[in-house]
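Me: I am new to this structure and would like to learn how to read its features step by step. Could we begin with the terms and then turn to the cases?

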Amino acid sequence: MASALKRGCRFIVILFALLLAVAVGAGLWLWQGHRGFADAPIGGTTADATVEVASGDAFPTVLRKLRESGVSHGTDLQWRLLARQTNTASQLKVGEYALAPTLTPRELLQRMREGRTLQYRFTLVEGWNIRQVRAALRNASPLQQKTAQMSDAELMAALGHPGQHPEGRFLPETYVYTRSESDLDVLKRAYAAMEKALAAAWEARAPGIPLQSAEEALILASIIEKETGIAEERPAIAGVFARRLKIGMPLQTDPTVIYGIGSGYDGNIRRRDLTTDTPYNTYTRKGLTPTPIAMPGADALRAAVNPADGDALYFVAVGDGSGRHIFSATLAEHNAAVARYLVTRRETLRKAEAP
């Protein structure tokens, strides 16, 4: 009887050990399978596929969107377990996320938990005017459009600056945005960036410059921006304008005339354009224009308030296509430089047209 009891106990122990071994083995198998799912590429999507987590989305909704976007990797249970394990299910961040085929479920959920959304870029180019800025914003995708039907006055009111002219108010640089943002969001950042850059430039202004305010510095910077794309020339051009302002000499700069013509400008400045008075014609009026004429970059802002020393009162393009200028102190020197410009220009055009 005792022997039979011992054999029974031994059988139970062996059976328990076998069941435990099976359970451990199954657990290891499931764990390895889960790890294999979590750290294997999701595949099944195109390189530019995305998924958007909207406000209020629970993880089952996000999982459905993943399936609709082409993600077939793993079972729903595996995704839910991983979302719980990584603490993602309760910390989903709103936004658009890339679904590159090489991305793993663990990496994707980590991005959703940390809010590493897909980002786009909009570049505001130095020298653009407000019409060009707004046209570029209308073509920016997937930027939401809120200002397309607004007038310039309505736009500035929406930005919180009613009555202010929009020209020159947005700093040229590249701005990052997400699918959920609008053109108004980008313009708010560009406006704040210009305010900061202008304040920094004005704070670092040279003593004795013929400018009474940061607003005048912005206007002059916009003119400098349109006169040259050569960064190292900007202080020299600023010097010419500063000296003219000091002695009451008209600035006589073509970009201001062009701005005054507006959308009617056809690419040519005629003599009648130089003699037709407008608030922006610096041939017929002394001093600065009433508003900026373009969006100046940070370099132009710094040049406007730190003009180069010298005695030059004139400048003209070299004419060789380099964009550089010749600076002169007297009208006679300037006229000679203009004559050389015309010769160089004709020769440059002749070579360009030669077969």
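Reply: Let us start with burial: a residue is called buried when its relative accessible area is under 20%, exposed when that area is over 50%, and partly exposed in between, using a 1.4 Å probe and protein chains only. Helices (H or I, at least four residues) and strands (E, at least two) are DSSP runs, numbered from the N terminus. This is a predicted model, in which local features need pLDDT of at least 70 and side-chain atom pairs count only at pLDDT 80 or more, while totals for chains, interfaces and linings use all residues. Residues are numbered from 1 along each chain as its sequence is written, and side-chain values use heavy atoms, with hydrogens and water left out.

Me: Which residues of helix H5 are buried?

Reply: In general, an α-helix has 3.6 residues a turn, so residues three or four places apart point the same way. In helix H5, which spans residues 130–138, the buried residues are Ile130, Val133, Arg134, Ala136 and Leu137. They lie on the same side of H5, because they cover an arc of only 160° around the axis, where the arc is that of the directions from the helix axis to the C-beta atoms.

Me: What do the buried residues of H5 pack against?

Reply: Contact means heavy atoms within 4.5 Å. By that rule, the buried residues of H5 pack against strand S3 (120–123), helix H6 (152–158) and helix H7 (183–203).

Me: Which residues of helix H4 are buried?

Reply: In H4, residues 105–114, they are Pro105, Leu108, Leu109 and Met112. Seen down the axis of H4, these fall within an arc of 95°, so they line one face of the helix. After H4 comes Gly115, which has a positive phi, near 75°.

Me: Where is Trp79 found, and what is it in contact with?

Reply: Trp79 is found in helix H3, residues 76–85, and counts as buried because its relative accessibility is 0%. Leaving aside neighbours within four places in sequence, the residues in contact with Trp79 include Pro105, Leu108 and Leu109, which are also among the buried residues of H4.
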